[in-house]
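These are my notes from looking through one structure. I began with a single chain and then turned to where two chains meet.

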Amino acid sequence: MISFDDLLPLLPLLIVSLTVVITMIVIGIRRSFILSGTLTILGLLLAAVVAMVMLPWTDQQVTPLLVIDQYSLLFTVITCVASMFIAVFSFPYFFKLDDDKEEFYLLIGLATVGAIVMVSSNHFVSTVLGLETLSMSLYGMIAYPLHSKHSANYPLEASVKYLILSAGASCFILFGMALIYAQTGTLSFTSLAALDPEFRLSEGYTVVALLLVSTGMAFKLSLAPFHLWTPDVYEGSPLPATAYLATVGKMAMAVLLLRFLASTEALSFGAIPTVFSLIAITSIITGNLLALLQENLKRILAYSSIAHMGYLLIAVVASYANDGGISVEAISFYLVAYVVMSLGAFAILSVVSSSENEIDQVADYQGLFWRSPWLATMLISMLLSLAGIPLTVGFIGKFYIFFAGVESSLWVLLAALVIGSGIGLYYYLRIVYIIIQPLKTHNKTNFPVAGIESVSSYFVIALLFIMLILLGVYPSPLVSLIESASSFI
Amino acid sequence: MILLSLISVLFVGGLIAWASESVDANYPKVVALIAIIIELAIVVLLLLQDAGDGGWVASIDAPWIPRFGISFYLAADGLSVLMIALTAFLGLIAVGSAWAEITERTGFFYFNLLWTLAGVIGVFTALDLFLFFFFWEVMLIPMYLIIAIWGHENKSYAAMKFFIFTQVSGMLMLIAIVMMAYLHFVEFGQLSFNYQDLLSVSVANPLQFWIMLGFFIGFATKLPSVPFHAWLPDAHSQAPTAGSVILAGVLLKTGAYGLIRFAIPLFPEASAQFAPFAMGLAAFSILYCAKVAFAQSDIKRLIAYTSVSHMGFVTLGIYAWNEQALQGAIMTMLAHGLSAAALFMLAGGLQHRIHTRNMNEMGGFWVHAPRMAVVTMFFSIAALGMPGLGNFVGEFLALLGAFQANTYATVASAFGLILASVYSLWVIQKVFQGGFSDSRFEVSKLRDLDRREMCYFALMMFGLIWMGLYPQPFLNLAEPVLASLLASTQSATMAATLTTGAGL
């Protein structure tokens, strides 16, 4: 029986769920894009504020399924805020869609419910529930502009691709869970290393089980060599869906992976850190190399996200090599940094695009700096942050990863990081270079003129830009917040 | 506080310059000039201050990211002050050289120029290694933009190369910095990026060598020294004149400054081991780049290679690590800052007038532009090390000091002086002497130097003559710093020899 004491910590989750229900009813009564959008945004904002208030004093296991502690609340806040931002800039994006567009907000709300469950999960059942809620909503979000006549992309192809491959990945995770359950007899995350050898199957089973779960999770994080879906899905999806998948989706998965690895002590099995190191190196090198050849910004961001998840994995490996070190904080900070900078990049892309006309070719951005200096400055900052240049939050994130790597003496991984970042500079700078080149006079650029509906998006972009610089110049508050939250892992 | 104002004047000035463009396209350069003049005034104030405890003229220390023991720690001693003075002075010259040349998007240009200078001043004053790295990288982005926006025909390639070289080598340095902080944690139980704290960290030798190498690669790329020099000729030949002035005059000196301030004092033993190799590399840089310079037909590339060659004397002097050699290295940094900047301005001026850098198309300019010819002659002679001018003092002292440390490398390097005369006079012959051919351009385009240009060339000549005839004020400023650096490293190496001796 769930008591009131249990419901209180669940408040953010309940608020978001309630928002979804209310929005659905309101849509049933009266179709209004702006109304359903406002409801969703307010609901997410409320959930974020409530989670923020609860943060300092909540540490509770609610039912065996969910753990609500500082760490999960921190990421609940970030999830809600990020979803809210995406909800804001999906408004101008879908403004001209000649189809019913209210339900997109339902999907954002539902996906957020899934993401909150994932970041709070320490049980296999909640893992699967959260993961599938998130993925199911994403299938819908990706295929959303399906009936639009003008949509030149391939949302259906992207959605089906994601559906099939994601379902395959879920199967891997489920099979791995079943094998773990066969040994532990419980579905909650428990230490596999501490199991009594008498009761457990041979170590081979454990390693295989862990590998299966890790494979599934690596797929969701689009780590090489499980990354093949990423560029196509990124390119085919409408921009807000891409943004959601790239930021909230990956962040929730990374938090879940971290908690899973920490609780099960999976990295103490000799083969597992090696596998993760290999995946990290492959991701960094593959992601950065393949990004070099792209002309489409969404594809570049897709490949760069592969590389970024590879950098993140360095800290994951470090968490094994140096227990109690800085690695958990490094992962957390890097996730926050990653969410801020990629969300910023996607927000800018979507504010110049619309569902009918996506501006995602690098060449389209030539001369942006001279036509729209503020927007271009912000885009350049986001790109430089992704490249890890100081004054931006991306640099502090990379510094954390360097620190975690040095602390655990992971020299090979650090070398991969240096090489990968070096290659990465090239494609980020190429975009920056194109942005600052003079306008092509003969090329009448087809940027839509932003209407009044975009005002709130510009506000969100400005907010993200301020966060990017502020956290890059004075990160202390976030650093200490993450330091205290990370002790719960 | 005075140090903070040094940096913030430039940061704020840059922002105002950018904003002022919307009022009038001529305002940014005036704003930039005013900012630089204020900067120079602050530098004069700094020069008047008495050295406090431990030789630090001014300092500021505030916690920044306590989790990592990172603080906002700026301090300046004689060495920093010399470098800051050079930066501010060349900032003035750079604004002057851009005055007529930059006509498009002026606001953003001066913004970048001032922010680069601010980053450089930050590098010269930061004593927290994280902060130092922060500024080290901050100065790159505006420099990248200067090359990429206002550069010449192949700017994309040059800007990219410049950025990737310095950034990747910078990351190696970042790893080394983080390792130092971590070793401080292992030894003293807390993280610190403070320079003074890190000086007391004792590192076992194989590890010390690797960390030192991280720093060395970071600094040697900026310096640049062969084999990390490939970015420089491209960056210089493509950058606008003011960009070249800042690059050659100031940015290269940050590498040398880093070696003196960080690489050697933090790792005295490993550096002592490494010194013969570094000095050999320096000698090779001097001779090889002088030879390569001689083969260039692009006048800016030629000067760029001579820069690498001259900076070889700096490396040589630094790794000799005795007082004369270090004084020589510092004097060379200052004098080369002026002479190379002046030569780049002359080359840039030529390009601005006749739209080519190819020396094969030039010749006989002396008749049409006599003032320019004389000025070029003066700076070429300065660069080749004529006694009485600053470069001679620097290179002579560097060689004198280095001779005590490593005879072979020094003897080899001394031949660089001969090669320097060859390529310097070669430029004069190619460009100003010989027959004039006007098939490529009209004579009227070949205007002589105007009053504004003569004005800042005169300033630079004055500087070089002062350094050449009466270098004592400069030497006096650097002397206490060098004495304490030498003392600290000697005691460290002594202690190391004692412990190894005891081990045997």
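I counted the secondary structure of chain A and got 19 helices and two strands. The model is a predicted one, so I treat each value here as computed from that prediction.

Next I looked up the overall dimensions. The C-alpha trace of chain A spans about 75 × 55 × 40 Å along its principal axes. For 489 residues, a compact globule would have a radius of gyration near 23 Å, and the 21 Å of chain A agrees with that. I then checked burial: 64% of the 489 residues of chain A count as buried. I also looked at contacts in chain A between residues at least 6 apart in sequence, and 81% of these join residues at least 24 apart.

A:T79 sits in helix α4 of chain A, which covers residues 70-94. Is A:T79 buried or exposed? Its relative accessible area is 0%, and buried means under 20%, so A:T79 is buried. Leaving out residues up to four places away in sequence, I listed what A:T79 touches: A:T112, A:A115, A:I116, A:V119, A:V248 and A:M251.

Then I moved to the interface. How many residues of chain A are in contact with chain B? I found 40 residues of chain A in contact with 36 residues of chain B. Interface size is often given as the accessible area lost when the parts come together. Chain A and chain B bury about 3500 Å² between them, and 83% of that is on carbon and sulfur atoms. On the chain A side, A:F399, A:F403 and A:Y433 lose the most area to chain B, together 17% of what that side buries.

I looked for charged pairs and counted two salt bridges between chain A and chain B. One of them joins the side chains of A:E483 and B:R67, at 3.4 Å from N to O. For polar contact, the count between the two chains is six residue pairs, with both residues at pLDDT 80 or more.

Last, I asked which helices of chain A supply the side that touches chain B. At least two residues each come from α14 (368-371), α15 (373-387), α16 (393-407), α17 (411-436), α18 (455-473) and α19 (476-486). The largest share, twelve residues, is from α17(A). Sorted by class, this side of chain A has 28 nonpolar, eight polar and four charged residues.

Methods:
Residues are numbered from 1 along each chain as its sequence is written. Chains are lettered from A and ligands numbered from 1 in the order in which they are written. This is a predicted model: local features need pLDDT of at least 70, side-chain atom pairs count only at pLDDT 80 or more; totals for chains, interfaces and linings use all residues. Side-chain values use heavy atoms; hydrogens and water are left out. Contact means heavy atoms within 4.5 Å. Buried area is the accessible area (1.4 Å probe) that two parts lose on being put together, summed over both. A salt bridge is a side-chain nitrogen of Lys or Arg within 4 Å of a carboxyl oxygen of Asp or Glu. A polar contact is a pair of N or O atoms within 3.5 Å; within protein, one must be able to donate a hydrogen and the other to accept it, and residues adjacent in sequence count only if both atoms are side-chain atoms. Helices (H or I, at least four residues) and strands (E, at least two) are DSSP runs, numbered from the N terminus. Ala, Val, Leu, Ile, Met, Phe, Trp, Tyr, Cys and Pro count as nonpolar, Asp, Glu, Lys and Arg as charged, and the others, Gly among them, as polar. The radius of gyration is taken over C-alpha atoms; the globule rule is 2.2 Å times the number of residues to the power 0.38. Buried means under 20% relative accessible area, exposed over 50%, partly exposed in between (1.4 Å probe, protein chains only).
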